[in-house]
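Here are my notes on the model. Please read them with the structure open.

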Amino acid sequence: MTEKMNVLSLSGSNLLVTEFLGYAINAIIYQRKLYPSETFIPFEGYGLTIMVTKEEKHRKYLGKILTQISDWLSAGQVRRLVLVICSARTNDVLERWHFDIQSTGAGFGDGEKVVPEVQREIKAILEQITASASRLPVLQEHCTFELLVHATKDCPVPDSWEESVSRSVANPSDISLNSFTTKIHRVGAAVTYRSAKA
């Protein structure tokens, strides 16, 4: 009976995907040292200690983005979230962390999936983000980040949002990360970075 109650609904799947994206963003900006370590605080989640920003402006920015993504997930209208790391001086794109999101009312594969199983898959990706950060070139200059959301054409966009051009990485190399599925959503992850090799 307990396991049956842990089977994911659409709202439960939305919550897990949105929560994962929030933790992943925090993990990336912490691991890539975009801001001083003292501006982060530890949070226990998925059996891991995840560093999350305590800066109010960043928390508000992330909260606004993630709330909107959650609404779009419910309608099956979000396709990808991209975290772009760029030079604060030149605005050149140095890294793109992208999270591809597929939605289907029919479900992925056969059978049902319970929350603990999905949480284990999410934990593995968060661990990969930490491991991948150590393999990337050191960011030698002050950098900032922005979030880009790719949605369907019929998606209602809030007036406060702006359309953005595609931000690409020059001389790119890629690292693929694991994916996870709730049977309702599938999320795949990867990072594209500027390679030192010509």
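**Notes on the fold and helix H4**

1. The protein chain has four helices and seven strands. Helices (H or I, at least four residues) and strands (E, at least two) are DSSP runs, numbered from the N terminus. Along the sequence the pattern reads α-α-β-β-α-β-β-α-β-β-β.

2. The model is predicted: local features need pLDDT of at least 70, side-chain atom pairs count only at pLDDT 80 or more, and totals for chains, interfaces and linings use all residues. Residues are numbered from 1 along each chain as its sequence is written, and side-chain values use heavy atoms, with hydrogens and water left out.

3. The C-alpha trace spans about 55 × 40 × 35 Å along its principal axes. Of the 198 residues, 45% are buried (under 20% relative accessible area, 1.4 Å probe, protein chains only).

4. Which residues of H4 are buried? They are Val 118, Ile 122, Ile 125, Leu 126, Ile 129, Ser 132 and Ala 133. They lie on the same side of H4, because their arc around the axis is only 125° (taken from the directions from the helix axis to the C-beta atoms).

5. The cover over these buried residues includes helix H2 (10-31) and strands E2 (48-53), E4 (93-103), E6 (172-181) and E7 (185-194).

Technical notes: Buried means under 20% relative accessible area, exposed over 50%, partly exposed in between (1.4 Å probe, protein chains only). Contact means heavy atoms within 4.5 Å.
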